[in-house]
Amino acid sequence: MDSRAVPHAARARSAWFASGIAILALATRAAAAEVWVVTDSHHPVHGQADRHLILDAAAVLEAELADNLPTDPERASAIVQQRLKLGGTDLQRRIGTAYQGIADAWSLGVLKVPAIVVDRRYVLYGETDVARAVARIDQYRRTQP
């Protein structure tokens, strides 16, 4: 046997194995193309998801902006404006994300939290582990034509 054939065969086998792993990873992810977690700060959910919609995030931000405001409406308004300005684009992004999450959860028809939503079509309520929820949804999808 040619001594150059063994390293070539080993490289080919290694490349085939690596491509098989990549295909398996893609197939697993294809089963659940998009995963969203819809919850609030009182119902933590663990695991990887494409989006985490925290429904009380806007209320938390509003409470931070309103913290220790004076009773005089003009002074309170000026302080809130100052806080908004100091927060800059990061605060604006956080506010926008918080309200967008509420709108997206509402548009999906999510009824309670926590909820794991797959492909904006399947939802599992009450599960706090993303991987377990996705596995249960994938199992259901395999049994439905």
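Trainee: Let me start with Arg-51. Is Arg-51 buried, exposed or partly exposed?

Mentor: Keep in mind that we're looking at a predicted model. Buried means under 20% relative accessible area and exposed means over 50%. Arg-51 has a relative accessible area of 26%, so it counts as partly exposed.

Trainee: Okay, and which side chain does Arg-51 meet in a salt bridge?

Mentor: For a salt bridge, look for a side-chain nitrogen of Lys or Arg within 4 Å of a carboxyl oxygen of Asp or Glu. Here the partner of Arg-51 is Asp-104, with 2.5 Å from N to O. Arg-51 sits in strand β2 (residues 51-54) and Asp-104 in helix α3 (residues 73-108), so this pair ties together parts that are 53 residues apart in sequence. Asp-104 has 13% relative accessibility, which means it counts as buried.

Trainee: How many salt bridges are there by this rule?

Mentor: The count comes to 6. One of them joins Asp-90 and Arg-93, at 2.7 Å from N to O.

Trainee: How many residues apart are Asp-90 and Arg-93?

Mentor: They are 3 residues apart, both in helix α3, and that is about one turn of the helix. Asp-90 is partly exposed, since its relative accessible area is 39%.

Trainee: What about Asp-119: which residue does it meet in a salt bridge?

Mentor: That's Arg-141, at 2.8 Å from N to O. This pair links distant parts of the chain, 22 residues apart: Asp-119 is in the loop between β3 (115-118) and β4 (122-125), while Arg-141 belongs to helix α4 (residues 130-143). Both ends are partly exposed, with 24% for Asp-119 and 25% for Arg-141.

Trainee: Now the inside. Which residues make up the largest nonpolar core?

Mentor: To trace a core, follow buried nonpolar residues joined through side-chain atoms within 4.5 Å. The largest one here has 11 residues, among them Val-35, Val-37, Val-45, Ile-116, Leu-124 and Ile-137. β1 (35-39), β3, β4 and α4 each supply at least two residues of this core.

Trainee: Which element gives the largest share of this core?

Mentor: That would be α4, with 4 residues.

Trainee: And which residues is Val-45 in contact with, leaving aside its neighbours within four places in sequence?

Mentor: Its contacts include Val-37, Ile-116 and Val-130, and also Thr-39, Pro-114, Glu-127 and Thr-128. There's a second, separate core too: it has 7 residues, including Trp-36, Val-38, Leu-53 and Ala-105.

Terms used:
Residues numbered from 1 in each chain as written. Predicted model: local features only at pLDDT ≥ 70, side-chain atom pairs only at ≥ 80, totals over all residues. Heavy atoms only, no water. Buried < 20%, exposed > 50% of the residue type's maximum accessible area, 1.4 Å probe, protein only. Contact = heavy atoms within 4.5 Å.
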